[in-house]
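Hello,

I am handing over the structure below.

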Amino acid sequence: MYIPKDFSQTDFKAVKDFIAGSPLANIMALTGDSVEICPAPLLWQVDEQNPLGYLMGHVAKVNPIVKIDAKNWKVVFTSQGHYISPNWYPTKAMTHKEVPTWNYQSVIFSVTPQLITNTSQIQQIVATMTDFFEHQLKQTNPSHEPWSLSDAPSDYINTMCRAIVGVKLTIDNFEAKFKLSQNKTLDNQQGVIDGLTQLQSATADNMATLINNLFKE
């Protein structure tokens, strides 16, 4: 991935925070001359044997990616990001030398995959992921009643788990690009924040917050 110096993110905590907020990834495995791609939500987990930890999730047992005999896979997380208008830069009014761009965050992990077929281990993966996402809903809406595996009949859960394969993706390395107007002057960064805030949308507000957090550093 091409990463200009201004946009390079090497803080692994910031990377973990990003993927926790944008957990839908594309898992990619090379097969012959083509690439098999599997969208799936993944969660980062601690690994005592590896300081970078691992990514955990599950895919359908019939998914072709589980049949690919490859040691090294790639996992890509990319945010929705937001369009940035040149009209938001104060310098545009003076020089007109500004162009549109798109701000976003993207992380590529190189991983070593391990497929998990044990039913109890698969259930633990599903339970962990369910608890994580249900807790997020509870934080957003305190009246939300969290769902758990015990809410469904055990034989039904067993049947559903037999249709999936757990994945443990040990992280070998990563590269991260956080393009958040770092290459702009402070006045232009503030102009972008103001322009995004005026849109009054959740996506725009999120991008404004990300830029503002860097703006304050």
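Start with Cys38: this residue is buried, with a relative accessible area of 3%. Keep in mind that the model is predicted.

**Cysteines**

How many disulfides does a search of the whole structure find? It finds zero. A disulfide is a covalent bond between the sulfur atoms of two cysteines. To count as one, the two sulfurs must lie within 2.5 Å. For Cys38, the closest cysteine sulfur belongs to Cys161 and is 17 Å away, so the gap is too far for a bond.

**The whole protein**

Now the overall picture. The protein has six helices and eight strands. From the N terminus on, the order is α-β-β-β-β-β-β-α-β-α-α-β-α-α. Along the principal axes, the C-alpha atoms fill a box of roughly 65 × 50 × 30 Å. The protein has 217 residues, and 40% of them count as buried. Take the contacts between residues at least 6 apart in sequence: 72% of these join residues at least 24 apart.

**Helices α3 and α4**

Helix α3 covers residues 119–140, and helix α4 covers residues 154–161. They pack at an angle of about 100°, and their axes are 10 Å apart. That makes α3 roughly perpendicular to α4, because angles of 65 to 115 degrees count as such.

Which residues meet there? From α3 come Thr119, Ile122, Gln123 and Val126. From α4 come Ile157, Asn158 and Cys161. By type, the residues of this contact divide into four nonpolar, three polar and no charged.

**The loop between α3 and α4**

Ser143 is found in the loop between these two helices. Is Ser143 buried or exposed? It is exposed, with a relative accessible area of 59%. The side chain of Ser143 makes a polar contact with the side chain of Asn141, at 2.7 Å. Asn212 is another matter. Ser143 and Asn212 are 69 residues apart in sequence. In space, their C-alpha atoms are 31 Å apart.

**Positive phi values**

- His96 has a phi near 65°, a positive value in a residue other than glycine. Where is His96 found? It is in the loop between α2 (90–95) and β7 (101–116). His96 counts as exposed, at 55% relative accessibility, because the cut-off for exposed is over 50%.
- Gln200 is not a glycine, yet it has a positive phi of about 55°. Its place is in the loop between α5 (186–199) and α6 (202–215). Gln200 counts as exposed too, at 71% relative accessibility.

**Where to look**

Begin at Cys38 and go across to Cys161, 17 Å from sulfur to sulfur. Move on to Ser143, in the loop between α3 and α4. Finish with the two loop residues, His96 and Gln200.

Best wishes

Notes:
Residues are numbered from 1 along each chain as its sequence is written. This is a predicted model: local features need pLDDT of at least 70, side-chain atom pairs count only at pLDDT 80 or more; totals for chains, interfaces and linings use all residues. Side-chain values use heavy atoms; hydrogens and water are left out. Buried means under 20% relative accessible area, exposed over 50%, partly exposed in between (1.4 Å probe, protein chains only). Helices (H or I, at least four residues) and strands (E, at least two) are DSSP runs, numbered from the N terminus. Axes are lines fitted to C-alpha atoms, for helices over the stretch in contact, and angles run from 0 to 180 degrees between N-to-C directions. Angles under 35 degrees count as roughly parallel, over 145 as roughly antiparallel, 65 to 115 as roughly perpendicular and the rest as oblique. Contact means heavy atoms within 4.5 Å. Ala, Val, Leu, Ile, Met, Phe, Trp, Tyr, Cys and Pro count as nonpolar, Asp, Glu, Lys and Arg as charged, and the others, Gly among them, as polar. A polar contact is a pair of N or O atoms within 3.5 Å; within protein, one must be able to donate a hydrogen and the other to accept it, and residues adjacent in sequence count only if both atoms are side-chain atoms.
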